[in-house]
Every structure is written in C-alpha cells, then in structure tokens.
Amino acid sequence: MQQMKLIPKVDRVLEWEGVRALALRYPRALLLKTIRAVLDRLREDARHSSLAPEVFAEASIVSLVGRELADLSAPSLRRVINCTGVVVHTNLGRSLLPQSAKKALETMAFSYSNLEYDLKAGSRGSRHSHIEALLCELTGAEGALVVNNNAAAVLLALSALAAGREAVVSRGELVEIGGSFRIPDVMRLSGVTLKEVGTTNRTHPRDYLNAVTPETALFLKIHCSNFAVIGFTAEVEAAELVRLGNEAGVPVMADMGSGNLADLSALLPQAEPTVQQFVAAGVDVITFSGDKLLGGPQAGIVVGKKPLVDAMKKHPLMRALRPDKLTLAALEATLALYRDERQALIEVPTLRMLTAPFEELAARAKSMVRQLRRRLPDGIALSFQEGSSQAGGGALPLLELPTLLIEVRVPGLSPNDIEARLRNGQVAVLGRISKGAFLIDPRTVQDTDVADLAAALSALLENPHQG
Ligand SMILES: *Cc1c(COP(=O)(O)O)cnc(C)c1O
C-alpha cells in the first residue's frame, strides 16, 4: 500500500524528458492512453505484491511506455519466414506473388486506371473485361469471371444457376474445406436443395441418373480438398459426368478447389487435373481459387459456358463478391506467365517451390547452413535430416515431396522453446517440430530470408534460460 505513493501522476510523467521525446513521435491521445495503461498496471501489481523500488523509477516507466507505444504502432500484419515446408500455407498467406505482379500492383494502387472504363469506346467499361479474354485463352473456356475467393465463386454459381432447385452431389464429395466452409451449408445458403447420391466411398453413374427430377438444375462435382478417399472406391470422373449430364439434359458444375493451370504430372509423383482438362471434357461451369496451386492473389475464378457465366455476372450477389483492382492487377500479371508454361514453372513461386527437386533442395539446405554457420555463434548446432514437405492449400493431401531438413539444436532449449522463441522474435520464424526435433525446411525459405533467419537463430543464445 505504501508503494502506491511511488506511482507518479500522469501530468508529472508528461513532463519527463523521455516522455517529451515520445510526444514528438506519437499522437498525444495514444501517448496519454498508454501512460494511463502503464500506471494502472503498476498500481494493480503494487496492490498484490511488493515491487522492487526501481520499478517506479522514471527510466523504468519511460522505457515501458516507449515499448508499449512501439508495439501499439507496429502493423499487426507482419512478415513471417516460412520454414514449415508447407508451400500453400493457408495460415501464412498461401501464395507468394510472382515478381511481375509488383509493377502491376504499384500502378493500380497509385494511379487512376481504366478499371471500369473502355478507353477505345470512350465510355463506361466493365471490370470483368480485363481478365476474361486471358482466362479464356489459357483454359479454352467461352466465358470467365473473377470474384473474391473460391468460396464466393461457389456461392455465386449455385445462387445464379440452381437457386430454388436441386443439385446432385456424391456423398463422397460433401466436404468441409475448413474455416466453416461446408458444401451442404453453402448449398442451403444459396437456396439450393442438396440431393446426395452414392455412398462415402463409392458413387456410380446410375446414382446420378436415378436422382434426376424436373427440379434438377446441376450435377455438382467437388474436389475433396485436404481429404482423400482411398481403398475400395469409385467416383464418376468429370468426362463421364458430362456424358451423363448431356444424357439427362443437366449442366455440370465442378468446384476444383486449387485451380491448376500447369501440367505438373511429369514433375510430381501425383498431380491434380488441370482446369484445361475439365474445360476440354465439357464441364459447363468450373470454379477454383487464385491463390492455391495457381500461385496468384486471393481470388475465385469461374470459367465455363458463356450463357452460364453471363448469368452469374448479372446476379445481384455479384456486386457484393466482386474483386478489387489490386487483386485483378496481381491476377492478370500471374496469369500472363502461364502463356508459357516453362516460364510459369520458374517465375510463379508456388509452382517453383512445389516442383523443386530433392537435389536442388539439398544444395539449398547446404548453402543455407554454410551461410548460417558464418553468421551464427558457436553453440547452435545445425545438422541435416531427410524428410518431406507438403503442398498445402487443400491440394494433393497425400503427396510427400522429398526434401533435406535442417535440424536446429541449442543447449538449454527444448525444441518447443526454440519454436516459441523463433515465433515471437523480431522477424517471426515458423518451423516445425517432428520426433523431438526443431526443423527448418528449405523448400519455403526465400533467398532473401537467410540473413534474417541467421539473426533470429543468433538471438536464441541471448538469455537462453528464459524459455
Ligand atoms: C479451398 C477450397 C474452397 C475455398 O476456396 P477459397 O479460395 O479459400 O475461398 C472451395 N472448394 C474447394 C474444393 C477448395 O479446396
């Protein structure tokens, strides 16, 4: 209780030299709020226990206020060094954009643009026009449309094409993607009645045909995303479903999830079908994400038959789901690289990381360890371990991509301590723990990350006993 008297008044604190310096850098309201918060906390602590007298000293309080202001003003969205090896890591922002998107983003962000203006005609244009031709050229589709994300694309397609009617879906494809996106819920939300057919592991052509009524608006095929049905299974492939749709007079929609435009079958032990294959098979409407395997910005892409795509463009939901100009700019720049697939494989970071062969990753791991050892103090032990990385982003869940992992050991710190301290460091570093070891997967570490990674690892030796 005696200590309460040691807590200064706000007015006094404001006169301190160190706080006057902070007042030059931070807005006054924020400064006041922070001082009050720091003093309140001190008061609270003093009520419960007897504190060391230094805690009430001017220097200590100024330093607390300064640190808190710096924390408060730092952006909440921050860079993370991804050492997990999960290429399309949904929690870490999914795909890194290709460098060619940088200029497009800058132009669109800081200049006026022809977003909705037709420069040739001198009249109002449509934001859909910019990318539609490119998407049609790349996929062979008649029409194309971009929305905010693939969840929006599915919602819009179902609302525009099947509201008040029925869509037939295999029980093996009624998936939850995560983040509460469940196919049955999205169907209900769009006013579409779900007609489940087949069983969890096996669905046959006759199951679809037997479900057709005058109310049937769509046969819907859904990519199983981060889930796989293996063993005694049967599914109706897209081309077969199109044949059934033609027979029954029912259009076919496919939610492909991670939209893949590059043929990766020669480069990966398992590959997703491409959007082009689904278009060629005659699927009427196809939806996919822009930031999964495609490697662009967050977006939902629809390609398909022109009348159906046009019906979606005219739907009232379109306005609520439309993409912003920065998304369109980044997407156009990413898609342009796919005109030459070899170029896309080199310049789209998601594709490059995903298809990096073991030899390249081993060379990268060794070069990283050489660079890190030069910068790191003795005491941090680095060693190699063979392992595998994952694609992520709800694509290829069973795929294991061989890699060479770097194990980090620090005397006095457990793998969990290392993980927590790197995560909370100045530049956040996320790795993984497997079988009692803290591991760095070079597959997702960028060349420009190595210096900061070295700094983060060096910092592990500061106060190593503060877990
Ligand atoms: C990821 C995914 C979605 C959702 O896509 P977002 O772009 O994240 O909105 C929908 N369907 C499938 C099959 C998916 O894999």
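Here is a short chat about the pockets and the ligand in this predicted model.

Local features here need pLDDT of at least 70 and side-chain atom pairs pLDDT 80 or more, while totals for chains, interfaces and linings use all residues. Residues are numbered from 1 along each chain as its sequence is written, and side-chain values use heavy atoms, leaving out hydrogens and water.

Reader: How much space lies in the largest pocket?

Author: A pocket is an open set of points on a 1 Å grid over the protein atoms alone, where a 1.4 Å probe fits, with protein on both sides within 12 Å along at least five of seven lines. Its volume is the space filled by probe spheres set on the points, which are joined across faces, edges and corners. For the largest pocket that comes to about 1100 Å³.

Reader: Which residues lie closest to the centre of the largest pocket?

Author: Lining residues have an atom within 4 Å of a point. The largest pocket has 35 of them, and the closest to its centre are S95, L96, L97, P349 and Q446.

Reader: Which element gives the most to the lining of the largest pocket?

Author: Helices (DSSP runs of H or I, at least four residues) and strands (E, at least two) are numbered from the N terminus. At least two lining residues come from each of β1 (80-82), α5 (100-110), α16 (349-355) and α17 (358-375). The top giver, with 4 residues, is α5.

Reader: Where does the second largest pocket lie?

Author: This pocket holds about 690 Å³ of space, and among its 31 lining residues H223, C224, F227, V229 and E235 lie nearest the centre. Domain bounds come from an automatic or database domain assignment. Both domains give residues to the lining, so the second largest pocket lies between domain 2 (80-90 + 353-461) and domain 3 (99-347).

Reader: What surrounds the ligand?

Author: Look for residues with a heavy atom within 4 Å of the molecule. You'll find R94, N149, N150, A151, I177, F181, H223, S225, D255, G257, S289 and K292.

Reader: Which side chain has an N or O atom 2.7 Å from an oxygen atom of the ligand?

Author: Polar contacts are pairs of N or O atoms within 3.5 Å. A polar backbone atom of N150 is 3.0 Å from a ligand oxygen, and the side chain of K292 has an N or O atom 2.8 Å from one. The 2.7 Å distance belongs to S289.

Reader: How much of the ligand's accessible area does the protein cover?

Author: Areas come from the Shrake-Rupley method with a 1.4 Å probe. On its own the ligand has 380 Å² of accessible area, and the protein covers 93%.

Note on methods: Polar contact = N/O pair within 3.5 Å; in protein donor to acceptor, adjacent residues only side chain to side chain.
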